[in-house]
Amino acid sequence: MRHVLSVLVENEPGVLSRVAGLFSGRGFNIESLNVAPTLEEGVSLMTITTSGEEQIIEQIVKQLRKLVTVIKVVDFIDVSAVEREMMIVKVQADDARRAEVLRIADIFRCKVVDVSLNDLTLEATGDHGKVQAILSLLARFGIKEIARTGTVAMRRSMQPESV
Amino acid sequence: MELNGARILLECLKREGVDVLFGYPGGAVIDIYDELPRHDIRHVLVRHEQAAVHAADGLARASGKVGVCLVTSGPGATNTVTGIATAYADSIPMVVLTGQVPTPLIGNDAFQEVDIVGITRPCTKHNYLVKDVRDLARVLRQAFYLARSGRPGPVLVDLPKDVMQAKTEFVWPEDVKLRSYNPTYRPNLNQLRRAVEALLEAKRPLFFAGGGVVMSDASEELGWLARTLSIPVTSTLMGLGAFPGDDPLWLGMIGMHGTYAGNKAVNNADCIVAVGARFDDRVTGRLSAFASGARIIHIDIDPTSIRKNVRVDIPVVGDCRKALAGIREIATTRLAEKDWATAHEPWLAQVSAWRTEQPLTYVKNGSIKPQQVVETIFSITKGDAIVTTEVGQNQMWTAQFFTFRKPRTLLTSGGLGTMGYGFPAAIGAQFAFPDKLVIDMAGDGSIQMNIQELATAVCNKLPIKIVILNNGYLGMVRQWQELFYQRNYCSTCMEAQPDFVKLAEAYGAEGYRITDPGELESTLRTAFASPNTAVIDVRVEREENVYPMVPAGAALDEMLLV
């Protein structure tokens with residue numbers, strides 16, 4: 001099962017190494033990892049995508065909480081969240097194929113960020129499923145290169161009760 | 001007034017209650033050594049940095065205080081790694097101070113530079129590199145706080161040379177503020193109620209004590225509960241001494257070399273209260289068969305210990321002593337609901353039958369049996385000693401045949417299994433308790449891993465007794481080769497060994513050799529009565545095995561017996 005973990009950490013030297021070392025040393029799996037500063041100075045947010053059986057995920061969360069520099073860990077499996085990742089993808093697109101590639105890009109609301117005679121570079125954002133879907137649809141044209149961010153996620157705000 | 005880093009360091013150590021420091025100087029820490037004589041802290045010069053860490057560890061285990069050691073950068077720092085990992089595996093409070101090259105040189109592959117913070121990240125509870133002298137006091141305060149609080153452990157502080165020379169105003173931080181570190185001491189009351197409920201329903205309950213009982217001084221609570229509720233007690237290696245080994249409710253240690261009664265009890269109990277134990281693979285045997293019929297109540301201060309290896313029915317996160325005291329408080333109000341002694345009578349009769357059926361034993365013959373050496377030492381000392389061990393057969397025989405009655409009387413590397421631990425740990429223990437008899441139970445293999453510390457023991461006039469169960473083998477590995485590798489004794493025969501008596505004498509210690517069983521007791525008595533460091537080389541039966549033995553991967557009750 002895929003889990004997205006939001007890990008709030010003290011932004012100290014070595015904190016990334018502590019987290020990464022925890023995963024590698026204990027044989028846990030990291031699918032993606034994203035780190036960036038937060039509003040609060042000295043605090044960074046890591047978003048880690050991992051997978052494993054329930055007992056493994058429980059250990060991952062507990063082990064992360066045990067690190068002295070980790071302030072808070074949230075497993076988004078338990079809460080309603082908005083999840084996004086971004087991808088830049090360079091697709092082969094000569095004159096014959098360009099229109100078809102652009103149509104797919106349009107359907108998925110991708111942006112064209114670069115173009116040449118033989119390829120198109122698209123920027124796509126969405127949740128993990130959407131980005132995967134775009135990739136698989138573009139595959140038949142020939143993908144030359146991709147660069148992806150890891151997943152970032154945020155808890156949804158409380159919605160008013162439905163009437 | 002502005003003080004330099006070295007002075008601030010020593011002022012902080014004093015305020016943290018440090019009076020002994022084990023260490024070894026070098027270029028990066030000369031400033032600290034230059035300052036040291038002006039402070040009321042005793043520095044013990046070891047002969048290898050690994051021994052400094054084990055000595056600090058031994059002091060911590062024996063006394064409950066934070067052990068401290070100081071070494072230089074580079075090789076001095078890397079030599080501490082085994083000792084740090086040893087302390088980490090057994091949750092021992094310790095602060096390791098390492099010198100570092102000056103900050104402008106860090107990262108330049110300078111002389112005697114290593115990234116010790118990077119190297120020790122996975123085997124410390126936490127570690128720090130101090131880059132600014134203004135952070136020094138705060139970091140040291142945090143280091144000691146982290147080492148001793150929650151689940152204790154080693155904390156390393158890396159001290160660049162220029163930071164030790166730089167000056168700043170010394171302000172002792174009264175409080176430690178760490179928003180991201182809040183160990184749970186007070187257990188959830190509801191979980192404690194559920195635990196008592198489970199005990200009320202149990203017919204075959206069992207206490208299973210780990211090192212956490214020793215660490216949190218929970219022995220008294222454990223004893224009260226066991227006796228009042230008529231519940232037998234087993235422990236891990238690390239839990240030995242947490243419950244008196246001569247109590248009728250005591251079943252012995254469980255695990256790979258645990259007692260028959262203990263291992264049978266675990267797999268037949270219907271309710272197990274595991275206190276401060278982490279279910280190591282050496283303890284559980286094959287996991288799928290472990291305690292399969294029991295509800296497991298697991299008390300531990302570290303949430304990661306819970307449900308890591310073994311399923312748990314009632315998890316209790318908290319300090320062991322507070323949790324047991326809480327259970328006691330609730331149980332006291334409900335004592336009348338069950339006639340505990342009568343209800344558990346058939347179970348107690350059963351475990352007692354297992355004990356009689358297969359007690360810990362060995363075959364006596366004309367030679368000196370290692371088990372007999374341990375028994376003789378127990379009878380001479382009446383158990384009033386601090387016993388350290390090395391690792392292997394010597395460790396297991398000590399665990400089996402010495403009756404530990406009080407916590408902090410057995411100091412042994414349980415989790416990491418570090419050969420060479422016992423002797424330097426004995427040095428630390430002797431500094432903590434100068435008037436106690438401290439005995440290192442060693443093998444001829446292990447003792448050679450830190451034998452250079454004879455110089456430390458002799459020059460500090462420590463009356464430590466090293467008893468070498470000398471069989472000329474790396475006995476435990478040889479035992480595995482005998483039992484599981486068709487007696488292919490590859491690289492385990494250590495017949496080429498020094499004359500330990502002469503070696504002891506060369507260092508200025510006393511040396512004794514015992515080859516005749518008739519002289520065992522008298523020679524040990526003479527050596528123990530001496531005020532000097534003594535090495536007693538006991539020539540024991542060479543191919544004696546440790547039994548019972550649960551082969552790796554077998555269930556706890558599938559034991560090989562004598």
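1. Two residues are in contact when heavy atoms of theirs lie within 4.5 Å of each other. Leaving aside residues up to four places away in sequence, A:Ile57 touches A:His3, A:Thr50, A:Ser51, A:Gly52 and A:Asp75.

2. A word on what you are looking at: this is a predicted model, where local features need pLDDT of at least 70 and side-chain atom pairs count only at pLDDT 80 or more, while totals for chains, interfaces and linings use all residues. Residues are numbered from 1 along each chain as its sequence is written, chains are lettered from A and ligands numbered from 1 in the order in which they are written, and side-chain values use heavy atoms, with hydrogens and water left out.

3. Where does A:Ile57 lie? A:Ile57 is part of helix H2 of chain A, residues 54–66; helices (H or I, at least four residues) and strands (E, at least two) are DSSP runs, numbered from the N terminus. Its relative accessibility is 3%, so A:Ile57 counts as buried (buried is under 20% relative accessible area, exposed over 50%, partly exposed in between, with a 1.4 Å probe and protein chains only).

4. Now let us see how the chains meet. In chain A, 17 residues are in contact with 16 residues of chain B. The area buried between the two chains is about 1,500 Å², and carbon and sulfur atoms give 42% of that; buried area is the accessible area (1.4 Å probe) that two parts lose on being put together, summed over both. In chain A, A:Arg18, A:Lys66 and A:Val68 lose the most area to chain B, together 41% of what that side buries.

5. The rule finds 4 salt bridges across this interface, each a side-chain nitrogen of Lys or Arg within 4 Å of a carboxyl oxygen of Asp or Glu. B:Arg179 forms a salt bridge with A:Glu40, with the closest N and O atoms 2.8 Å apart. On the side of chain A that touches chain B, H2(A) gives the most, with 6 residues.

6. Finally, have a look at helix H16 of chain B, residues 345–357. Which of its residues are buried? They are B:Trp347, B:Val351 and B:Trp354. Seen down the axis of H16(B), the buried residues fall within an arc of 50°, so they line one face of the helix; the arc is that of the directions from the helix axis to the C-beta atoms. B:Pro346 and B:Thr356, on the other side of H16(B), are exposed. What covers the buried residues includes strand E9 (205–209), strand E11 (250–253) and helix H12 (260–268) of chain B.

Methods
Expected span 1.5 Å × (residues − 1).
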